[in-house]
Amino acid sequence: MKKKALCLLLACAMTFSLAACGGKSGETEAPAADNAETEAPAEAGDDAEAPAETPAADGAVFKIGGIGPTTGGASAYGIAVQRGMEIAVEEINAAGGINGTQIELNFQDDEHDPEKSVNAYNTLKDWGMQVLVGSVTSNPCIAVAEKTNEDNMFQLTPSGTAVKCVQYDNAFRMCFSDPNQGLESAKYIGENSLATKVAVIYDSSDPYSVGIYEAFRAEATNQNIEIVSDAAFTADNKTDFSTAVQGAKNAGAELLYMPFYYTEASLVLAECSKQSYTPLFFGVDGMDGILSVENFDASLAEDLMYMAPFVPNSDDEMVKSFVSKYQEKYNEVPNQFAADAYDCVYVVKAAMEEAGVTVDMDASAICDAMKTAMTSITFDGITGKGISWEASGEPNKAPLIVQIKGGEGVAL
Amino acid sequence: MKMKALSKNTKSNLITYGMVILAYVVMEILTRAGMVSSLLQGLLVPLCTYVILAVSLNLVVGISGELSLGHAGFMCVGAFASAFFSNYTKEAITVSGLRFFLALLIGAAVAALFGFLIGIPVLRLRGDYLAIVTLAFGEIIKNVINVIFLGHDSKGFHISFKDAFSMNMEPDGEVLINGPQGITGTPHDSSFLIGIILILITLFIVINMVNSRTGRAIMAIRDNRIAAESVGIHITKYKLLAFTVSASLAGVAGVLYAHNLSTLAAQPKNFGYNMSIMILVFVVLGGIGNIRGSIIAAVVLTLLPELLRSLNDYRMLMYAIVLIATMIFTSSPGGQAFRERYSLKVLFGQKKQEKEAE
């Protein structure tokens, strides 16, 4: 009997706590579930307080949502994006907002999981989001793009590099796509005759790495580059690179192409030095941050070249101001994710101003206006100058090649 | 009068079915009335997925008494097989119901096949050894799927275990399974109604199996292997049967999962051992062998992190604390004594009085 009563109560509590998520359903409920009922308004209250930025609430604000991993293995990227966005929002609000309207930012965690990312998106929708900046990582971004397309919500991803992230006309990106990076790096190597024999090491478990490598390989033949050795590693097996480096060395490669992140790259560089193998090293934007790896001998990275959207020690005034603000606030040098996110908020501002969006418009109307505005704006930011967007969502910007000279990255 | 004639078991099972149907009706009414947040609407299908997973794992862990840690692997197989089918026939079959039904059959069949094949060697082991080997198999499935590249062009199918490039496809070819990038563009065929129907089917299969001759044989093996063998119960057959049915149902959950999101990639997060452990947590928290408990635990533990979103980064910490507290409350001797003293019967009685007073 006790068991049955328990089950009944749990079932009741369950359905009512489900209903309680509706927010406004509190009043209509039967008195049976008084526990769940008292919880409901409290929960709704907490949700309203969640946004990180709370500008003076005199009237309406533009509600910009952000999604990215702030916990879990990919949290470094999500946190950087969140911080970059926060700085941009603070700046814009201090300067009077978008067309005189302040912005409110709400950043939700997705743990780098498509399912959680969609949950985060739905949470933001309940909050009343008008424009989405996100998701930070590719696969979650693809899943969210499906939803934003259904709802006609404007989406700008700072760092979703996979091709399908922007397959719908409501989605745009700030960064280069994976194939674009592979293509540009092959072109750069070919046009500057850096090498004809190239070895590639890539992370076969990472779509980012595979995507770049495939495009690089496709373009290599056009540029007279011969790929003499390719070695794959996976996320579960990324500490020992001796065979991969040995393979490249034996094949006589003059250049080692490394389309993956800097943590693994530091190990590859250390292994090359151990085997006294000194080819040219060429990386992609994931290489950004290699000099900050702990216990890594920065001299090994000397002359390393990589594609980067953003160089923190650039002389550019905007970059300088961003970097100093970021350092002051978070006590670290911003990486490309933070820079992309910072630019994203300004792009949203530029597109909104171009489209003449007002705060009382709903998300779908804003999206329709911004879609056309995006293709007509030219944007100067910290990740490039004179950036314009195709209707397909891809940005047009010049790739930037950085070489490490004397312990710091210098734009070539 | 008629209710009294029903056995205690049947009544309990009817309550379980009724609970699921009630949850559906309530949610449906609230959705129609516009009282459900988009977060919760988005969570309905994942909730169904986890409920099916928890119930199906309970068949192995609770009824058959074997500790399996590779359940996410079967879900992964079902998800990929069905997503591959749906993507391939996206143009050919335009009726989403029919396509989903076929995908469901394929997902369940492929997962059952894997469950059968893996079960043959694995079920020779017992206890901790079985747990470790199933854990390994789950990881192997995930990793193998991560190296499969499968494409289709005018000349037929191409497969490679290296990269998409070495499939040498015609220019008109389309890569269907793209290694670690997985499958993208799966049609969104899952819905809450389908999820609920699948839960009911899962419950029907599991509950009827448990209450049948087969179920009794399986439980006899769990309780005393030697005694069961001595009365002529075919041990391997029954253990394998439970394992295969459970794998197949996990495959069904995978189908539901794959058709809810447009992107499917075998990452540690969704198909790794973390997921297997999470499903096991649902089962253990709900009570090993208790089907209804599994359902409730799966729903509560899936909702919890989402409802705690307002705590930002502290929510996973809270989740862990709630988990520990619940485990202590339900399973430790102290917690049990507490529950007996303040049993729900007493509380219920008080509540009734309060209600009357109101």
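What percentage of the contacts in chain A with a separation of 6 or more is accounted for by residues 24 or more positions apart? The figure is 66%, where two residues are in contact if their C-beta atoms, placed from the backbone, lie within 7 Å. The views below come from a predicted model, in which local features need pLDDT of at least 70 and side-chain atom pairs count only at pLDDT 80 or more, while totals for chains, interfaces and linings use all residues. Residues are numbered from 1 along each chain as its sequence is written, and chains are lettered from A and ligands numbered from 1 in the order in which they are written. The predictor gives the complex an ipTM of 0.83 and a pTM of 0.82.

**View 1. The two domains of chain A.** Chain A is divided into domain 1 (62–175 + 317–396) and domain 2 (179–308), with bounds that come from an automatic or database domain assignment. The contact between them takes 7 residues from domain 1 of chain A and 8 residues from domain 2 of chain A. On the domain 1 side, the touching residues are 2 nonpolar and 5 polar, with no charged residues; here Ala, Val, Leu, Ile, Met, Phe, Trp, Tyr, Cys and Pro count as nonpolar, Asp, Glu, Lys and Arg as charged, and the others, Gly among them, as polar. The centres of the two domains, taken over C-alpha atoms, are separated by 30 Å.

**View 2. Helix H12 of chain A.** Helices (H or I, at least four residues) and strands (E, at least two) are DSSP runs, numbered from the N terminus. The 14 residues of H12(A), residues 363–376, should span 20 Å at 1.5 Å a residue, and the end C-alpha atoms are 20 Å apart, which agrees; the expected span is 1.5 Å times one less than the number of residues. A kink of about 25° is centred on A:Met370, the bend being the angle between axes fitted to the seven residues ending there and the seven starting there. A:Met370 is also one of the buried residues of H12(A), which include A:Ile366 and A:Met374; a residue is buried if 20 or more other C-beta atoms lie within 10 Å of its own, exposed if 12 or fewer, and partly exposed in between, with C-beta atoms placed from the backbone. The cover over the buried residues of H12(A) includes helix H5 (138–151), helix H11 (336–355) and strand S12 (384–389) of chain A.

**View 3. Loop residues on either side of H5 in chain A.** A:Ser135 lies in the loop between S3 and H5, and the peptide bond from A:Gly134 to A:Ser135 is cis, with omega near -5°. A:Asn152, in the loop between H5 and S4, has a phi near 55°, a positive value in a residue other than glycine, and counts as partly exposed, with 17 C-beta neighbours inside 10 Å.

**View 4. Helix H12 of chain B and its surroundings.** Because 10 of the 14 residues of H12(B) are buried, the helix is largely enclosed by the rest of the structure. Its buried residues pack against several helices of chain B, including H3 (38–63), H13 (291–307) and H14. Just after H12(B), B:Gly287 takes a positive phi of about 105°.

**View 5. B:Arg315 in helix H14.** B:Arg315 lies in H14 (residues 315–331) of chain B and is partly exposed, with 18 other C-beta atoms within 10 Å. Leaving aside neighbours within four places in sequence, B:Arg315 is in contact with B:Pro305, B:Leu308 and B:Arg309.
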